[in-house]
Amino acid sequence: MEEKLYDTSEQKERIIVVGVATSENDDTDKSLDELIELGQTAGVETVAKVIQNREKVHPGTYIGKGKIEEVRELVIKHKADTVVCDDELTPAQFNNLSQMLDVKVVDRTVMILDIFAKRASTSEGKLQVELAQLRYRASHLIGGRRLVGLRSSLSRLGGGIGTRGPGEQKLEMDRRLIKERITQVRKELEQVKRTRELTRKKRQENPIPVVAIVGYTNAGKSTLLNYLTGAGVLSEDKLFATLDPTTRKLVRENG
């Protein structure tokens, strides 16, 4: 009897990125390239990039009807799971686009929050991500029940962008429950903040100088920290590869 082989490799979510250019000198193309890089960090595969030239963003559907048809054909052609819009969408734009494209629709904010949810490792980081997710979802509920843009099937992968992280189980929470959870998370963050303030106070009493490395995502902060201190923190050529702050001791040549 011939044995059957099954593909058990993890299937990547396939996305189409969409943006609107409202002027000739618009940086939409560059912005979409960065959105594609964000997708790489989120672990998804970009299969198409679409730009529409318009005087302004369509208030109801983000892009025009003709472009929506083009995107829908690309979804079918590439078997895409998700359409990611470069600008933050209104609840109406979320709902209308997801219905017309019959696929999950998210925006840049959801993509970044999804990455934060995957990368946060400290308790404070996780709480901050959950708070951001809950506040965002509370503002994008229709009828106080369903998060717009995330269709009932979500995707053939059963999840993907927008469904990961601390807030994953709260997708269907109504406004009242979300408000209660936001209050609780804020209280927990206040406690973390008080603890951090005590730690900072002790550090300030110590005469050893403190130096901070700051810069835009993927500027090389973790790489520099590893070089100076041998910290061994994650260092990848990706946007938002590391999220939580790290403190290490640096011993200079003079001791």
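**View 1. Leu189 is a buried residue of the predicted model**. Its relative accessible area is 14%, under the 20% cut-off, and Leu189 therefore counts as buried. Leu189 lies in helix H6, which covers residues 175-205. Setting aside neighbours within four places in sequence, the residues in contact with Leu189 are Glu124, Leu127, Gln128 and Leu131. Between the C-alpha atoms of Leu189 and Gln128 the separation is 7.6 Å, although the two residues are 61 residues apart along the chain.

**View 2. Helix H5 comprises residues 123-138**. At 1.5 Å a residue, its 16 residues should span 22 Å, and the end C-alpha atoms of H5 are 22 Å apart, which agrees. The buried residues of H5 include Leu127, Val129, Leu131, Leu134, Tyr136 and Ala138. Glu124, Glu130 and Arg137 are also among the buried residues of H5, as are Gly125 and Gln133.

**View 3. Helix H1 packs with helix H4**. H1 spans residues 28-42 and H4 spans residues 108-119; their axes are 10 Å apart and meet at an angle of about 30°. Because angles under 35 degrees count as roughly parallel, H1 and H4 are roughly parallel to each other. Their crossing is left-handed.

**View 4. Residues of H1 meet residues of H4**. From H1 come Ser31, Glu34, Leu35, Leu38, Gly39, Thr41 and Ala42. From H4 come Arg108, Met111, Ile112, Asp114, Ile115, Lys118 and Arg119. By class, this contact of H1 with H4 has six nonpolar, three polar and five charged residues.

Methods
Residues are numbered from 1 along each chain as its sequence is written. This is a predicted model: local features need pLDDT of at least 70, side-chain atom pairs count only at pLDDT 80 or more; totals for chains, interfaces and linings use all residues. Side-chain values use heavy atoms; hydrogens and water are left out. Axes are lines fitted to C-alpha atoms, for helices over the stretch in contact, and angles run from 0 to 180 degrees between N-to-C directions. Helices (H or I, at least four residues) and strands (E, at least two) are DSSP runs, numbered from the N terminus. Angles under 35 degrees count as roughly parallel, over 145 as roughly antiparallel, 65 to 115 as roughly perpendicular and the rest as oblique. A crossing is left-handed if the near helix is turned anticlockwise from the far one by less than a right angle, and right-handed if clockwise. Contact means heavy atoms within 4.5 Å. Ala, Val, Leu, Ile, Met, Phe, Trp, Tyr, Cys and Pro count as nonpolar, Asp, Glu, Lys and Arg as charged, and the others, Gly among them, as polar. The expected span of a helix is 1.5 Å times one less than its number of residues. Buried means under 20% relative accessible area, exposed over 50%, partly exposed in between (1.4 Å probe, protein chains only).
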